[in-house]
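Let's take a look at how some strands in this protein line up with each other. Keep the structure open while you read.

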Amino acid sequence: MAFGYFGKEDSPIKHIRAANNNIKFPLNYGYIDTGGGKFISPGIMGTFAGKNWNADTMLRYESSEYNSKTYYGSTEIIENKISINSWQKARHFYIPVDNLYGKPVFVFVKDFAGAQWRPLSPDEFVVDPRLKTLSLKKSYPDGVAVNYFDLESNPNDRNNLANKHLVNIKNYFSALGTIPEVNEIVNFINTHQTINSYKENVFGKDLLVLKKNHFSPFEIASRYEASESSTSSLIIVDTHTQNEDLNFKASFESGGSFLGDFQKIQFIQVVDASKNYDFSEVKQMFPFLNLDYKAYISNTSTEYIFPVQIVFKNYLPSPGFILPDTAIPGSIRVFKNKIRMFDFDYNESNHNLTINEPVLSNDIIEIQWKEGLTYSDSGLVRFAGGVHWSPISGLDMFFAGSGDWEITKQKTNPIDTYKLSSGLDYKNQTIKTGTVFGFEAGADRKLKTKEQYYAFQNKSYFNYSFDGTLYSKNSVPVFSNPKFYFEENIKLDKKLGYAHTKTNAAIDIWKIKFAGFLSLKNNFFSDNSKMIESYGHSVIMPIYFIYLSEDFFVNIHDNILRRENKINFEKYININYTTSVDYNKDYTSQKIITTLSPIIPKADFGTIYSQINFFVGQKYKTLLNPALSSYNFAWTKSLIDMYSQGEKNAEDRNCGITFLFNYFPNEKNKEGIQLSGFNFDAFSKTFFQNTGKKKVLDETCFEISVPFNTKKIFFSPIIKRKITKEKIGSKAENQNTYAADLRFLFTGMGSQYWLFSKPFLYDMFDQKILKEIQSGNNEIYYSFFNSYGFNISRLINGTIDDLYTPLEFGTSVSRLVQSSQTNSGQNNIYGIDFSFKYTALNISGKYGYFDWFNFYDQDELNRFYKFGFSFGNSFFKFNFTSNHSLYFFFNSNNKLGFENEFLYAASKIGNSKLSTDEWKEKFSALFSYRGGGSLPRLIIESFSKIPLSDSREEKLSIEFSQNNSFQKLNYKFSFKHSQSTKIGSHGEIKIFAEFEGSSALSNSFLLNINAGISGKVDF
């Protein structure tokens, strides 16, 4: 809602606006950053102007809070924090036996309290024989048991590993002293002091109960949910200081066996850095016990703050620096490599922030802003006013002031802020210069006048820029495009005082572009004599079709050094060669990436594109302190480290090669079958990990597709093969450099000859590979995966044929063979999948193929079916999914629809019969229509003649389901009514109500009623 006034051309009053949003104050008044945005902030604003002056004023109320984003170059860093008491409950267990290699492990679980024991399918758990661990695909807190007494040669020996483990658990918890919650655990252990105390007979067989709804001495409480990519950064930090705690290490781990869907169980493993990664060390099962025992107590409050937390950062490529639409423009701050910068622009229309200086791929960009909230019990009343005066051409002078009055129920001591700012700017064709002064007072309502916060700020700048030639010889420019920028910032308050200068200079000498920068900072109240804050340079050198560049930056105050060198070659072949190295106070990261792509002109036969990509990278503990290094030493050292051969003690290293080949023939108007293209994609890469136990994973994969078509029907056969080799312990310690990593990667293919030697299709049936893939070494694991897929799609006909002819059809067969050391019980798994999709339009309506019905205009019928099988030794699984939807369209955009979803899954384990795992059936009916009356219409029509239009949708859904965890039939039904009233072309009011009922686990019924109203007005 808004009310306003626009003045005439000769009137000093230009614009008055009173509204509940878009109340702004310009950002060209120095340190007055009141700004504004398109969010709920009721207030009033005014703009006034004369011949050589203009003024602005504003008063508004806003709800807001601070937020921030961090980028690594153009890649956004998403930071996630995990509490140390959120370890994965009832999923990971230690099996204390002497040896697990080659021994079959059987797992039994209870789905709920009071349920019967049932065996788990081999694709629902993973056993790691090296660490002697069991990992489950899902949590079973009410019961987990294994056939321990078949695995241990001396189960009744009081001195066996299991009984020693129970003693170690007791001593570890008893050392904390008399803490009531810990005493409960110790008392439980005292009543269960031998392994036989955890024995239970199930189906005539003795099992070891690892978990049964109480404390378990076998449960691993150091593994956490890993929902992000394993390439994320992962550390343990102090909760208050956010500094890394080196007493602990965290790493992304995965189970040693593929599951039925060919995925591994992934988790975050935390270990005590002072101990070996071995769960016979009790400290590795409960690493935080001595730091804070509440991490392992079930009744710990969710508000409790633990001394440390797990932090991992995921890196997501971003098209730019994009802020939410609730960001308040005047509150935005940008930091580049920890140094605040001011040369940026923010577009309020698309919310893009543009940084007006180069951003390297290894620069750290932090953006902070205030974010407007629609509803809050706290906020600010903000006032601002200012005037600009231009006495002569090019000169602008201003004076402004602002006040922020805090209204909050969350803080007991609200602080008000008052600001004054004045300054002048002058510019001509080549020079821009100016100065800004600011005074700020923070008024804490509980403090006396002399105790309040006061600050003085000053910014002065000089910018010279000339686009053209300064000096030339023989009509060849020698010196051109000079640029010079100097900026000084001074701030002084009760606790902080500094003078900060930034100098940038650039010039082109012949065709070589040189640039340098220097930042100085003097803290008035510090004894630090070092005034240099940061420095660096950049060089760009084009030589015919070769392009060379270097960017070098050092931040002394934060111990940061970033360097990137590029060589681009564009003649007959595109070669992009990039080397980079980043140092911070903890880690050094180094990368080399080379991409080669031949330039192949388009020919009569079609287009060919090919690319080869080679990469190496690593992260290791930082050995360079930029703050103590000279410019020459830092440059030389970074040059050497950019071409590192690979650090022996790197925390992680990766290297490999990828290859891509695509062929696209020119389209020709020919009848019959035509080739659509040929695609070949392959990679071979290795990952070295040195957190905890050393581990190396080698992967090689290729995929081939040869699509073809008949103009109306499109075919796409796909072949895929992948081999993996995992080495742990001593076998991984032999790899100390990139050269060793690559040598073992490619020579290792020789021992995995089945990637190339097995004929296509025959590899689905070959039985020799079951023996060939086995390893006599318990520290090496192999797997071989291959699949054959075939997809068919066609153009829709718009005839009756669409009713029974699939629009899309897909099928695939796959096979996974792996080393038996994984102990999953399955080292040969097959999979078969089929899918069908049908879409038919206008079958029997007024404009349909059959003119059976005239009461509706058009219809649409969609059907989708997918079913798959996976099977191996003594197990079989079946899945089926279907979706149906039928819609009838009437005039005025009215629609009647019916929808159906069905899911079914069944399995067979061992000698048991095929049994249902779960099923679900859902039916929905909906009707949307225009017209009728409504409460919003009735109210609006009582005082306005603005055009209105109503629409509604009614949807009724019924769902039935059942699974093997809970044998009872589950049901759910819901009815939802939605109503929308369009107000002219700029407004809308929506009302909805939903009634939902469902069965609960006990013999009860759960009823939910939801209702809401919303509205919007577009200006």
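Start with strand β48, residues 808-818, which runs antiparallel to strand β49, residues 828-841. This is a predicted model, and in it 10 bridges hold that pairing together. To find one of them, go to Thr 811: its bridge partner in β49 is Phe 834.

Now stay on β49 and look for strand β50, residues 858-872. These two strands pair over 12 bridges, again in the antiparallel sense. Here you can pick out Ser 835, which stands opposite Lys 866 in β50.

Phe 834 pairs with Thr 811, while Ser 835 faces Lys 866 in β50.

Next up is an open sheet of 3 strands, in the order β7-β11-β10, with antiparallel pairing. Its edge strands are β7 (92-94) and β10 (125-128), and each of them pairs on one side only. From one strand to the next, the twist averages 15 degrees.

How many bridges join β7 to β11? There are 3, and β11 covers residues 133-136. One spot to check is Tyr 94, whose bridge partner in β11 is Thr 133.

## The sheet with β20, β24 and β23

Another open sheet of 3 strands goes β20-β24-β23, with antiparallel pairing. At its edges sit β20 (321-322) and β23 (344-347), each pairing on one side only.

Between β20 and β24 (residues 352-355) there are 2 bridges, in the antiparallel sense. Look for Ile 322, and you'll find Asn 352 of β24 opposite.

Terms used. Residues are numbered from 1 along each chain as its sequence is written. This is a predicted model: local features need pLDDT of at least 70, side-chain atom pairs count only at pLDDT 80 or more; totals for chains, interfaces and linings use all residues. Side-chain values use heavy atoms; hydrogens and water are left out. Two strands pair if DSSP finds at least two bridges between them. Helices (H or I, at least four residues) and strands (E, at least two) are DSSP runs, numbered from the N terminus. Axes are lines fitted to C-alpha atoms, for helices over the stretch in contact, and angles run from 0 to 180 degrees between N-to-C directions.
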